Amino acid sequence: MKATQVLVPVASGIALGALLLPGTALADTTVSPSTTPVGGTVVLTATNCNPNSGDAIFHVTGPDRDQNVRSTTAAASGGLSAELFTAGFTLGTYTVAATCGDGTPDGSATFTVTPIGGAQAGGRDGTGGGGTLAVGATLLVTSLGGAVILARRRRHAAQAATL
Amino acid sequence: MRGLGRLLVTLLAVAGLALVGVGLARLPARPPQPDGTGPPPQLVTAPSLPPLLRADPVEVRIPRIGVRAPLVPVAADRAGALEVPPLDRPGVAGWYRPGVSPGESGNAVLVGHVDAPDGPAVFFELGRLRPGDTVHIARADATVVRFAVDAVEAYPKESFPTDLVYGPGTAAGLRLITCGGRFDQGSGEYVDNVIVFATRTA
């Protein structure tokens, strides 16, 4: 068997492994939640960083932002994490790239800063025709009362005339 | 004296009838509400179409409810709430510019008034849409992107589904937002948001 006949499948296997490994081993930065109204807080976590190697640095880039955030706590699920307050952030999508204390990159993730709450998309007049309707109904009731009083007076007058 | 009383009662009755008539005519129409049919938005499988490059949308067309409206860019107001187009242009809808444009990967967001002081506005009939209805978006690069409605839902404003509307997605989605539900006379606002969830089909 020639050497090339052995080397080709081995080389192919190594190349395939190299293609598959990064997807499973490197994407270890997480942001939770991945969507937050402006002013909310997101938790950045670098799950593969060893706390004994020093703080992790989260590099946050977005529409008008380029800042580093240092990890503050060891995450319960492993790795290092930091809280990021989004007050004053421009709306849009941000990328977070983590680097461990020993200088190794720990992948990246994105999060989106959104408007607060729902949309105030109604513009009708709050009173509508309700006020007019109420005034009209009041006038109708008043006129009905007046008609009753007039009818009673007429009946009394008629009875008095017959006595 | 009795004649004066009769005249007064008659005048009151005529005025009352007239005001009741005017009041009834001015009572605003209630916008149609979604019936909650269709799959939950997050369970919809999107067709695999290559995403488009970013381009500003310029017009939205919704044949089922006769909407053909220009689009203006909107973002958020000082309080951080989603902007809506000015009320003096009730026939215009807004495109949320900090998000993706229609046809890109992710959810593009459009917002429009349900009504205005003078009557129904651009998205008054949004609650009538049903799964399968189409929405066409004309873009500044002369392309027209077509979406199919997946679901139409009403959500209380205090529990607005931020992630479903603005959240990331691999497919090109579209979200149309307006007001709906009960009108709260105290706050002068509707209590719900009606949201149309759609996915690009062409």
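**Terms and values in a two-chain model**

In strand 8 of chain A, T99(A) is the bridge partner of I57(A). This is a predicted model, in which local features need pLDDT of at least 70 and side-chain atom pairs count only at pLDDT 80 or more, while totals for chains, interfaces and linings use all residues. Residues are numbered from 1 along each chain as its sequence is written, chains are lettered from A and ligands numbered from 1 in the order in which they are written, and side-chain values use heavy atoms, leaving out hydrogens and water.

Q: Why are strand 4 and strand 5 of chain A said to pair?
A: Strands are DSSP runs of E with at least two residues, and helices are runs of H or I with at least four, numbered from the N terminus. Two strands pair if DSSP finds at least two bridges between them. Strand 4 (residues 57-62) and strand 5 (residues 65-70) of chain A share 6 bridges in the antiparallel sense, so they pair. A hairpin of 2 residues joins them, and I57(A) stands opposite R70(A). Strand 4 of chain A also pairs with strand 8 (residues 92-99) of chain A, antiparallel over 5 bridges.

Q: Why is the pair of Y94(A) and F111(A) called stacked?
A: Rings of Phe, Tyr and Trp (its six-membered ring) pair if their centres lie within 6.5 Å; planes under 30 degrees apart count as stacked, over 60 as edge-to-face and the rest as tilted. The centres of Y94(A) and F111(A) are 5.4 Å apart and their planes stand at 15°, so the pair is stacked. Y94(A) lies in strand 8 and F111(A) in strand 9 (residues 105-114) of chain A, 17 residues apart.

Q: What makes the pair of Y96(B) and Y166(B) edge-to-face?
A: Their ring centres are 5.1 Å apart and their planes meet at 65°, so the pair is edge-to-face. Y96(B) belongs to strand 4 (residues 93-96) and Y166(B) to helix 2 (residues 162-166) of chain B.

Q: How do you know whether Y94(A) is buried or exposed?
A: Buried means under 20% relative accessible area, exposed over 50%, and partly exposed in between (1.4 Å probe, protein chains only). Y94(A) has 0%, and is therefore buried.
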